[in-house]
Amino acid sequence: MFNSLPAQVVMQEVPGEISLLFSITGCDVGCKGCHSTELWNEEYGEPLSEECYRAYLNQYRGYVSCILFFGGEWQPKQLSEYLALAKKMGFKTCLYTGRERVEQEIRAQLDFLKTGEFDHQVGGLDSPGTNQKFYDLAQNKIINYKFIND
């Protein structure tokens, strides 16, 4: 089981979606300049049991359109099960990872995927020169342009 910070509703992380965000602790990427270093400690946060997760999904059904995970790919079986449950309940799904790739069992459960370590020299998704990529997997397209203000 993985630990999570309390879930929160966010509106900028997945273009066109209101998302319920689960920040999973235990990240082993360790990006220099990370804005969430507390997520590196796997013991930080509270256990996200299936019962608790289902309660969140039921509580926010009709209010959010997407379930978003910051991390968790280091536990592929549990993450893919949680993503599959969200999809079964009618939510879109998204994962933010600092890695370049995720296992196919996870990818198969995703509508959106953000990959790549944060590099403070080139910026995040709102920077035209970023190394990160945000994929709309249903359309098989990179949609970074949706984060950049004209």
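Keep in mind that the model is predicted. A search of the whole structure turns up six salt bridges, and three of them are described here, including the one between Glu17 and Lys92. As background, side chains of opposite charge can pair when their charged atoms come close.

**Glu17 and Lys92**

- The side chains of Glu17 and Lys92 form a salt bridge, at 2.8 Å from N to O.
- Glu17 sits in the loop between β2 (8-10) and β3 (19-23) while Lys92 belongs to strand β6 (residues 92-96), so this pair ties together parts that are 75 residues apart in sequence.
- Glu17 has a relative accessible area of 10%, so it is buried.
- Lys92, on the other hand, comes out at 36% relative accessibility and counts as partly exposed.

- Glu73 pairs with Arg99 in a salt bridge, and their closest N and O atoms are 3.9 Å apart.
- This pair links distant parts of the chain, 26 residues apart: Glu73 is in the loop between β5 (66-70) and α2 (76-88), and Arg99 is in the loop between β6 and α3 (104-107).
- Arg99 is partly exposed, at 26% relative accessible area.
- Bring in Asp28 and you have a network: Asp28, Glu73 and Arg99 are linked by salt bridges.

**Asp111 and Lys87**

- Asp111 and Lys87 meet through their side chains in a salt bridge, at 2.9 Å from N to O.
- Here too the pair links distant parts of the chain, with Asp111 in the loop between α3 and β7 (112-115) and Lys87 in helix α2, 24 residues apart.
- Asp111 is buried, with a relative accessible area of 15%.
- Lys87 is partly exposed, with a relative accessible area of 30%.

**Asn144**

- Asn144 is found in the segment after β9 (141-142).
- Its relative accessibility is 14%, so Asn144 counts as buried; the cut-off for that label is under 20%.
- The Asn144 side chain reaches the backbone oxygen of Gln132 at 2.8 Å.
- Leaving aside residues up to four places away in sequence, Asn144 touches Leu125, Thr130, Gln132, Lys133 and Phe134.

Technical notes
Residues are numbered from 1 along each chain as its sequence is written. This is a predicted model: local features need pLDDT of at least 70, side-chain atom pairs count only at pLDDT 80 or more; totals for chains, interfaces and linings use all residues. Side-chain values use heavy atoms; hydrogens and water are left out. Helices (H or I, at least four residues) and strands (E, at least two) are DSSP runs, numbered from the N terminus. Buried means under 20% relative accessible area, exposed over 50%, partly exposed in between (1.4 Å probe, protein chains only). A polar contact is a pair of N or O atoms within 3.5 Å; within protein, one must be able to donate a hydrogen and the other to accept it, and residues adjacent in sequence count only if both atoms are side-chain atoms. Contact means heavy atoms within 4.5 Å. A salt bridge is a side-chain nitrogen of Lys or Arg within 4 Å of a carboxyl oxygen of Asp or Glu.
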